[in-house]
Amino acid sequence: MSHLDELDEFEAKLELELKREYTAVFGLFRYCILTQDATYLCNRLDLKVAPQASYPFFHLQMEDVWVWDKNRPTRMIPRAEVYTSGDMTVEELRGEGDEPKLTAQTLADRIGESLPDDEEAL
């Protein structure tokens, strides 16, 4: 097996793990934002549009964010800001008063991990 084959296998494994994680956490979030550069899941979104002469300019501020990126050591971050003039899709996954269908304990059970005692009480 060549080094290129090993690298391809490693990349495929990372991609599969990322897809599994995305499927597991998707139900915890209120919004899904797709940009040309990244996919974000978040629970709070502030979207501002700044009209320009030839194209709109979008400023997104997100909180409680999961970022699709297999190269990050952690994909959960407290806040993110995105500035873009490219195509973007914003999906509202659940209403404002709706609770997530998936709890932290259910998620931990789903991926086979246990939560520390202080998190189980939440």
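Why does aspartate 5 count as partly exposed? I looked up its relative accessibility, and aspartate 5 counts as partly exposed because the value is 40%. My cut-offs: buried means under 20% relative accessible area, exposed over 50%, and partly exposed in between (1.4 Å probe, protein chains only).

A note on what I am reading: this is a predicted model, where local features need pLDDT of at least 70 and side-chain atom pairs count only at pLDDT 80 or more, while totals for chains, interfaces and linings use all residues. Residues are numbered from 1 along each chain as its sequence is written, and side-chain values use heavy atoms, with hydrogens and water left out.

Next, salt bridges (a side-chain nitrogen of Lys or Arg within 4 Å of a carboxyl oxygen of Asp or Glu). I found four in the structure.

I started with glutamate 21 and arginine 75, whose side chains meet at 2.5 Å, N to O. This pair links distant parts of the chain, 54 residues apart: glutamate 21 sits in helix α1 and arginine 75 in the loop between β3 (56-67) and β4 (76-84). Helices (H or I, at least four residues) and strands (E, at least two) are DSSP runs, numbered from the N terminus. Arginine 75 counts as buried because its relative accessibility is 14%, and glutamate 21 is partly exposed at 26%.

Then I checked arginine 30 with glutamate 92, where the closest N and O atoms are 2.7 Å apart. Arginine 30 is buried at 12%, whereas glutamate 92 is partly exposed at 48%.
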